[in-house]
Amino acid sequence: MDTTGDGHEVLRLLRFEKVQLRSAPIVRVTFYEGRPPIDFIKEKVADLCRMNPWLQGKLTNDGGNLMLRYPKVAGSIDRYLRFIDVPSMSFDMGFPEFADALRAVCPKRGTFCVDKDEDLFRVIVVNISENRFALALAMSHVYSDAHTFYQVFKMLSSEEPVRPLIVERIYSSLADIHGVIRGGHDTFPWMMSPGFIVNVVGSMLRRRKPKLHLFTVNHRMIDERKKEYQAKHEPKFISSNDVLTSEYFANTGCDVMLLTVNFRERIPHLTADHAGNS
């Protein structure tokens, strides 16, 4: 990480974070009854940026390396905290309608942010009616995975203190991940192979425009699947994400399944407080 003369830090992102340039931002919308506590939300967002100024960073390209350029001291939160009115927003509206309602205020896909003055982080207060509002958190997938996202999300709560996350990357992490996987480390080279890339690009060019859908989670089904698993297997723990992933791929008849893993606390020097894609 380097410090520039204009009060910014420049951080080289990991090689597989560059892959996330084509990924959509991570967004979570939470509905609330009552009126939004504006002062509290402003204070939380200001504290988040003050303790994690990298949230206000921008993506740049430096000789083929993807960089995150961010202020050493966070600036105004005005562009990172937005307020919009969407009276039609509801919990059961369709995914396209959700996306359309938030598109103008959410961060863009990473490919549209490199060497541009585009934000990677937004908190959005959605006014629905006098006694109902929604709070949306949106972060670019380029510099945030689900773990990082939910660390930030939890800090918006009154029950969670704001704390700094570690933005420095562990550049040896890919080699460490290969060691932990113990034999499954051929996946990444396979995904980068010419044959796989040609297959994916060909499928993208030939396929029809995908239809996007929004589904709710059947908690009763998840509990039943967990009990079935725990009755036959050791160790007993199985996550809700495990169940949903298994159900989805089983019902869609996939031949190959790629599942991302959070390697924090599983490889050297990578802790739960490390931000990024790990």
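Modeller: A salt bridge here is a side-chain nitrogen of Lys or Arg within 4 Å of a carboxyl oxygen of Asp or Glu. This is a predicted model, so local features need pLDDT of at least 70, side-chain atom pairs count only at pLDDT 80 or more, and totals for chains, interfaces and linings use all residues. Residues are numbered from 1 along each chain as its sequence is written, and side-chain values use heavy atoms, with hydrogens and water left out.

Biologist: How many salt bridges does the count come to?

Modeller: The count comes to 17. In one of them, the side chains of arginine 69 and aspartate 6 meet at 2.2 Å, N to O.

Biologist: How far apart in sequence are the parts that pair ties together?

Modeller: Arginine 69 lies in strand 5 and aspartate 6 in the loop between strand 1 (2–3) and strand 2 (8–12), so the pair ties together parts 63 residues apart in sequence. Strands are DSSP runs of E, at least two residues, and helices are runs of H or I, at least four, numbered from the N terminus.

Biologist: New topic: what does tryptophan 54 touch?

Modeller: Counting contacts as heavy atoms within 4.5 Å, and skipping residues up to four places away in sequence, tryptophan 54 touches Leu68, Tyr70, Met139, Tyr143, Thr148, Leu165, Val167 and Ala275.
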